[in-house]
Amino acid sequence: MKTPLPSVREPGRNSPVLVPVHGRTYWRSLDELANTPEFRDWVEREFPAGASEWTDPVSRRHFMKIMSASFLLAGVGFAGSGCRRPVERIEPFGKMPENYVHGVPQYYATAMPSPGGAIPLVVKSNDGRPTKIEGNSLHPDSNGGTDRYAQASILNLYDPDRATRFAANGKNAPPEGAIDALSQISREAQANGGQGLSFLVERNNSPSRLRLQQAIQQKLPQAKWYISDSVGLDIHQRAAGQAFGRPVKPLHLFDQADVVVALDCDFLGSETDVQNNIRRFSSRRQISKPGDALNRLYVVEGLMSITGFNADHRLRTPSSTVVQVAAALASELLKDGISGLENVAKSAGVDPKWIASCAKDLREHAGKSLVVAGYRQPLQVHLLAHAINSALGNNGKTVVFHEVPEPKEQGLVELAQALNAGNVGTLVILGGNPAYTAPAELNWATTQRKAKRVVRLGYYEDETSVGCDWHIPAAHYLESWGDALTSDGTLVPIQPLIAPLFGGFTQLEILARIVGLPKTDPYSIVRETFAKFFSGQDGEGAWRKFLHDGFLGNSAAQPVAVNLNQGAVAQAIGSIKTSTPSKENLEVVFHRDYKVDDGRYNNNGWLQELPDPITKIVWDNVILISRKTAQELGVKNSEMVEVKLSDRAVRGPIWVQPGQADYTLGLALGYGRQKTGRVGHGTGFNVYPLRTAETPHIALGASIRPLGQTYPISCTQSHWSLEGRAIIREANLKQYEQHPRFAKSMGSEKLPVEAPLYPNPFDQLKQKGLHQWGMSIDLNRCVGCSACMVACQSENNVPIVGKDQVHRGREMHWLRIDRYYTGRVPKDAQQARQRFFETFNTEAKQQFEDWIDNPQVVTQPMLCQHCESAPCENVCPVNATSHDQEGLNVMTYNRCVGTRYCSNNCPYKVRRFNYFDWNKRPIGKFYLGPFGHRKDDEWDLMKMVKNPDVTVRMRGIMEKCTFCLQRIEQAKIAQKTKAGASSDVVVPTDSFTTACAQACPAGAIVFGNLNDPESRVSRLKQLDRDYAVLEPLLTKPRTTYLARVRNPNPEMPDYSEAPLSFQEYEQKMGNPFEHEEGENHAAHGATSEKSE
Amino acid sequence: MASGASAVKAGPGSPVTIPQPPPELERQPLVANLRGFGWISNRVASLSEDPAPIWWWILFIPSVLCLGMLLFMLTYQISTGVGVWGNMHPVMWAWDIVNFVWWIGIGHAGTLISAILFLLRQRWRTAVNRAAEAMTIFAVMCAGIYPALHVGRMWYDWWLFPIPNSNSIWPQFRSPLMWDVFAVSTYFTVSVLFWYMGLIPDLAVMRDRARTRLRQFFYGLFALGWTGSNRHWSNYEKAYLILAGLSTPLVLSVHSIVSLDFSVSQLPGWHTTIFPPYFVAGAIFSGFGMVLTLLIPLRSMFKLEDIITMRHIDIMCKVTLATGSIVGYAYAMEFFIAWYSGNPFERFHFLNRALGPYQWAWFFMVGCNVLVPQVFWIKWFRQNLVAVFIISILVNVGMWFERFVIIVISLHRDFIPSNWGYYRPTIVDICTYIGTFGLFLTCFLLFIRFLPMIAISEVKGVTPQSDPHHPLGGAKVNEVIPDAE
């Protein structure tokens, strides 16, 4: 409560004569007593005489003269001697923008265009500079999760190697020249109706672009459109169109499906719209009590994929034989039968029981099941999947179809034909990098030159730019206006957060100039398109709301009913050619890379250094091969081989991949670029030279030849086996129902003491904390997509260190995804002995051990566990790492000396040490020490991506996950500001979260206040499945995990009572349930009695 | 002494008969060949008075070059970062701490010889204690480089000292690294003091013998005005005893505390209560190994066979055998406890030592530390200088591998298999390590060149003739055997 301030008499105002005399009068000076005129004057004046004004005009002007002269001289002196500071233009807020508070970030809604449509985003902006990308959780079809690419795309914005100039024939040119060239193209095209004018674009569902495309088609009917689809993700739409006889696009509702069969379909990893697939799929892996249902995932695939990681039943078969498995499934499920199916099915070579049981499961869940085919599979497999879904009545339930505009564009092959025929006058390339990604036989680099004029809008000056008359730098999506539709058809804006750094153009602008629109600025174009979508009254208000929310409400597409075109399916089946790879006839599978996509993220350091979710390899691609095949062919990891396919060959290193089908080679796209930036230079090898238009995904007839060289490969996780340790705990659904507390029974048998000898000082400190932060990670929902890793890197200014340093084990990721393979458990004594010794082998020998052939895979995000009794803290000699009262293990960078003892004593090994000055020195120059300087242009842009709320660490200090301390503090400050004088300073329940949790599309990571019983994390920690990793060490982690529950089908031939990791554990440690009886009675008798 | 001698002589008329002890009980004298006082003074002092022998230069020049390499390597590391070494995640400590512990361990023999053996009245120590103490000091200097410079920001090393500062932050007294700072710095200070104390009477000898003004000045300065008066000797002996008493617990404490760096942590392979005694035994083991390595060539090159006799070598071999066996017992006990505890991580770790990727290091360790010294049960090996020299080097190699095994193998595969890695040193690691030999040898060679490497006054005290109760003791010696030189 405030007490009123005592009123003070102002001496200047209250002239003593005015004071009424009450009682005694006191005087302060003799002057006052005398009340002389001088005193009255003194009282009147504010300052003593001589101090209140500068009365001498000459001296003041003289002073100004002298000062300006000396400043001028100083300036001349500095300039003349060359000793001056670099010109740094600062732009002070002469007028403070409305609602702007310096240092407080602002958030804008926008969207990132993706092959599947767009990802709705909210982007954080610090003083006008975008710094962090997050998903837009307001969007009706999003939970705020994103994928790896979206998280990392902000680094592309500040890529010092992006195209920064307008170039004519490779020489610098003024932007006006490009504009003139465009208007000339426009004039010529208007004159001849677009004859010879060809556009090459990437698939994109922007309504504005569609509108401009239609305008061009009307005005320039002769102009041709071609699509550059480097990966081949278009097939879903194409197949649906063929299966149902109308232009539709499927949208898979994995949250509606009880049983999912993925036919070489990596819908959780490399298909389109992954973040939504993960969200939907993971929502069905949520389980909180016995009796809850789980979905079941069958995966048929050749290469190990993220989807394969999460399979309940994974059928390992070469990609080229997936069609046979699909046919076998179809022949079980399609009542009316399709002739020829049986024959195809017969050659599958798969355990018929697998097919029959899987089909039975699908049939039992008719209308609640889903069969999906992957982009690598031929059209026939897609058609079979549609046929099965139609037969099961899944259409409209687990898969819905949206009408899309009829695709009129042709492909690169047709464009190459036109070019070779000399039919292309002007080629406008608006997307893609065909010189790198085009099918090898098109010989694009030379074919492209056959056009009379090539104008290219490109984000990089890359392979395709070489043969261009004009190269126009493209604006990043964070610099440009645009629009797009998300996969559910909702309209989302792409609004810029920053003016184009290098004056880049957008596709819309180029098209508008060619079509000759009066208004060519993208903003007007997008706004005009929006007006067509919005038919209501308050156009301006709606537009503002659209930009504010980041989507147009209720604009989602309506599903359309479809009928299977039986004929098309039957015809497709007739054209199936079956073949099986063998040692002499190897199969090559080209796959979209989890990190660099088709090569477009090749120069993105975060993605290059992100461990591949499957192999954990960084900065390279490899030739994936199975153990058996490698042994038969006499090759081993890191060995360089030449892969030969007909008369084409590429060279790359071998990598044995557990769970890969035999006689299959997996080749990732996107590496070995000839012309890329400083980051991507020299990474991996290019597989496109093997890829032809006829066999863009799966090609047979390859052979390999060892070259007798080895190639160093950097891998962040060298050990594959979990070694039967209870670090990841999992059980089958049935086991979980019998032993709901199985996670607690595992791994804690060796708990040394019930109460520690000494009380933990933190237990008292804890009483003072308003909040107690904690995290829960649901291993059942985590699919291992690694979006959280990039989000953490972006949020926390985590540096990249380069391939060589990763090879030395010095990667800096605060959050990593551990991936373990669990294999067969030895049956007899000899196998057991062999397996025992294998444990101690060097990591190089794992590739020869046969347990890796058919592994189950488990993944686990691992970050600082924020132990209440943290082993790192008591060994730090300088108190640099300590505990705060809210339960955070905090790291004081300024205090850290760098003894590294904390890391040695951390059982989770989640601390990372700055062995070099990663920020100050460029990659490859770490060893030059003070001589290794980063170029200014590189650094100028690089530092813009940094989060200003997080310290950029120097060399020699330890760093680790902070639970996004800066976010916690911001939330606390915001709440304190709001609370004012009241005591309402507790941050509202779940009002903010960490960067990893925010980015997780699966919702597997939950962060919050443990003091708040209502918070999600508190409730999750009450679940039976909650366990702490390495509990017996009594570190009392604040991060706990929810054990994984698998849902295998007991009728399947590969069914086992318990997951393989559980069996490994049991074999080493004994059955965790053996002594559960007694313990249960003591601790939680009621639950176990019921379940027994 | 003269009075004692005359007392023996002044018998009641009848000649003194001395019964000869049976030969098997006869002790060999500590200074052989009945060398007189003058010979001892001349012999020891001549090492620094005569021109340096060729072999000295042959050793000194490469040593200085190695020292230069050390300085270069450290400059490189300080300016560039700890990353120039092979240290990695998860092996955050590697050669830096291996070498630190190894050098500290070597330092142990010196103080043990000079302090504990002094208190235990092991008179044979006098022949080797000076050189051993010098070895201690130089070894601790080499060791000190590592903890001081292996940290990420070595310019903040002073934060480890409890110095009041403007931030009012104290070091963390719970951290064993903090204890290390105290243990090592105290050990170094006391060792230097002890060594210097013992040097004073000999520095006075050097001063008195000095022929140049420069030598007179410096030896005189450091001799602190020693005159050899009774009062000086009396104070000296008291001070020496006190310092010996102070050093004795330090011998045990330093390596115990260094071992706590490991045993306080909870890493399997480190978290062991056996560490303090096991480390002390290992340190003495390696220290004696190093003393033997240094003294065997020195005694022959400086012709000190009469002072450092085969009996000395024999005793030191026996100490090596004893401590080596203790170390072997500790290895066995670690395995037993790992099995007995039932802790799966401990069990895995110890099997991984013997079967894992660093198997070779473990075999080196067991072979050199446990098996090789067992040959010292046989007298022939103890008497064969070549064998002793080779074994003493193997002991040092073995002890280096012991530290490597403890530090690197424990770290490279711990609790969570995804962290597992394989450590490899870099060329900078290797050159820095070789460079520390440069520092050590430079210091040691300068020491033998300018300071009496044998405690002249103490050795004289253990000659037969200085013992009044010895048949040859006292003044009569001069009558029996004239001074050799």
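How many helices and strands are there in chain A? I looked this up first. I found 35 helices and 39 strands in chain A. I note that this is a predicted model.

**Overall form of chain A**

Next I checked the dimensions. The C-alpha atoms of chain A fill a box of roughly 125 × 90 × 65 Å along the principal axes. Then I asked what radius of gyration chain A has. The value is 33 Å. A compact globule of 1092 residues would have a radius near 31 Å, so chain A agrees with that expectation.

I turned to burial. In chain A, 60% of the 1092 residues count as buried, meaning under 20% relative accessible area. I also looked at contacts with a separation of 6 or more in chain A: 76% of them join residues 24 or more positions apart.

The accessible surface of chain A comes to about 44,200 Å². Carbon and sulfur atoms hold 54% of that surface.

Chain A carries 123 positive and 118 negative side chains. The centres of the two sets lie 4 Å apart.

The size of an interface is often given as the accessible area lost when the parts come together. The contact takes 68 residues from chain A and 65 residues from chain B.

Which three residues supply more than any other three of the area that chain B buries against chain A? They are His89(B), Met92(B) and Arg153(B), and I noted their share as 13%.

Methods
Residues numbered from 1 in each chain as written. Chains lettered and ligands numbered in written order. Predicted model: local features only at pLDDT ≥ 70, side-chain atom pairs only at ≥ 80, totals over all residues. Heavy atoms only, no water. Helix = DSSP H or I, 4+ residues; strand = E, 2+ residues; numbered from the N terminus. Rg over C-alpha atoms; globule rule 2.2 N^0.38 Å. Buried < 20%, exposed > 50% of the residue type's maximum accessible area, 1.4 Å probe, protein only. Contact = heavy atoms within 4.5 Å. Areas by Shrake-Rupley, 256 points an atom, 1.4 Å probe, with all protein chains shown as cover. Lys, Arg positive; Asp, Glu negative; His and termini not counted. Charge placed at Lys NZ, Arg CZ, Asp CG, Glu CD. Buried area = accessible area lost by both parts, 1.4 Å probe.
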